[in-house]
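These are my notebook entries on a single protein chain.

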Amino acid sequence: MSLIPWLRWNEGRPSSRRPAEMVLETLMMELAGQMREAERQQWERSNAVRKICTGVDYSWLASTPRPTYDLSPGERLQLEDVCAKIHPSYCGPAILRFRQLLAEQEPEVQEVSQLFRSVLQEVLDRMKQEEEARKLTRQWSLRPRGNLALATFKTRARISPFTSDIRTISEDVERDTPPPLRTWSLPEFRAPKED
């Protein structure tokens, strides 16, 4: 009997799990896998040290059972709670950051969960910052444009193109001379005298 009909039956059917559940499961599986890998590396390091100290390799003779490190139930629940808060779009970057830190630091098995927690906290902080930025952008885009323009110009000082704080020689000369006769069709523009 062929398995192809069974495979086709499952193709068009959408997943019944929610995205938050899949993120939680993915992140916790990543943590478990990385803890196993850290445990394996720790065991290999201890064997290498033992070989150097004794000068003899007895690993082929008897394999000692490896002690396995497991999370406490309370710590597991706390990590699952934090994982449930992670948005699906941040799951991949969180895993990549976690792997990057593991490669850089090469932690002991007991330190892996703290490192994982710190990565999740970084991701939550980044999510919070981006959400705040999105809210500010939304507020500015919904704000009426007319009031914004008036509010910025009302608070500024008046601009007078004919007055300047920079003293020039020509200004001193012009101040001492009487005003020239002007044409009646032009309005008189004079800066108020500063006393």
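**Entry 1: α3 against α5**

I began with helix α3 (residues 73–84) and α5, which pack at an angle of about 25° with their axes 10 Å apart. Angles under 35 degrees count as roughly parallel, so α3 is roughly parallel to α5. I recorded the crossing of α3 and α5 as left-handed. On the α3 side, I listed Glu75, Gln78, Leu79, Val82 and Cys83 as making the contact; on the α5 side, Ser113, Gln114, Phe116, Arg117, Leu120 and Leu124. By class, the residues of this contact of α3 with α5 divide into 6 nonpolar, 3 polar and 2 charged. I note that the model is predicted.

**Entry 2: overall make-up**

I then looked up the secondary structure of the protein and found 7 helices and 0 strands. Along the sequence, the pattern reads α-α-α-α-α-α-α. Of the 195 residues in the protein, 17% are buried. I also looked up the contacts with a separation of 6 or more: residues 24 or more positions apart account for 78% of them.

**Entry 3: α2 against α3**

Next I took α2 and α3, which pack at an angle of about 130° with their axes 9 Å apart. With that angle, α2 is therefore oblique to α3. The crossing in which α2 passes α3 is right-handed. From α2, the residues Val23, Leu24, Leu27, Met28 and Leu31 meet Arg76, Leu79, Glu80, Cys83 and Ala84 in α3. I counted by class for the contact of α2 with α3: 8 nonpolar, no polar and 2 charged residues. Leu79 and Cys83 of α3 are listed in the contact with α2 and also in the contact with α5.

**Entry 4: α4 against α5**

I turned to helix α4 (residues 91–105) and helix α5 (residues 109–142), whose axes come within 10 Å and cross at roughly 140°. α4 and α5 are therefore oblique to each other. Their crossing is right-handed. For α4, I listed Pro93, Ala94, Arg97, Phe98, Leu101, Leu102 and Gln105 in the contact; for α5, Val112, Leu115, Phe116, Val119, Glu122, Val123 and Arg126. The residues of the contact of α4 with α5 divide into 10 nonpolar, 1 polar and 3 charged.

**Entry 5: the aromatic pair**

How many aromatic pairs does a search of the whole structure find? I found 1. Phe98 and Phe116 form an edge-to-face pair, at 4.9 Å centre to centre and with 65° between the planes. I noted that the pair links distant parts of the chain, with Phe98 in helix α4 and Phe116 in helix α5, 18 residues apart.

Are Phe98 and Phe116 buried or exposed? Buried means under 20% relative accessible area. Phe98 counts as buried because its relative accessibility is 0%, and Phe116 counts as buried because its relative accessibility is 2%.

**Entry 6: Gln34**

My last entry concerns Gln34, whose place is in helix α2 (residues 19–54). With a relative accessible area of 19%, Gln34 is buried. What does Gln34 touch, not counting residues up to four places away in sequence? I found Phe98, Arg99 and Leu102.

Notes. Residues are numbered from 1 along each chain as its sequence is written. This is a predicted model: local features need pLDDT of at least 70, side-chain atom pairs count only at pLDDT 80 or more; totals for chains, interfaces and linings use all residues. Side-chain values use heavy atoms; hydrogens and water are left out. Axes are lines fitted to C-alpha atoms, for helices over the stretch in contact, and angles run from 0 to 180 degrees between N-to-C directions. Helices (H or I, at least four residues) and strands (E, at least two) are DSSP runs, numbered from the N terminus. Angles under 35 degrees count as roughly parallel, over 145 as roughly antiparallel, 65 to 115 as roughly perpendicular and the rest as oblique. A crossing is left-handed if the near helix is turned anticlockwise from the far one by less than a right angle, and right-handed if clockwise. Contact means heavy atoms within 4.5 Å. Ala, Val, Leu, Ile, Met, Phe, Trp, Tyr, Cys and Pro count as nonpolar, Asp, Glu, Lys and Arg as charged, and the others, Gly among them, as polar. Rings of Phe, Tyr and Trp (its six-membered ring) pair if their centres lie within 6.5 Å; planes under 30 degrees apart count as stacked, over 60 as edge-to-face and the rest as tilted. Buried means under 20% relative accessible area, exposed over 50%, partly exposed in between (1.4 Å probe, protein chains only).
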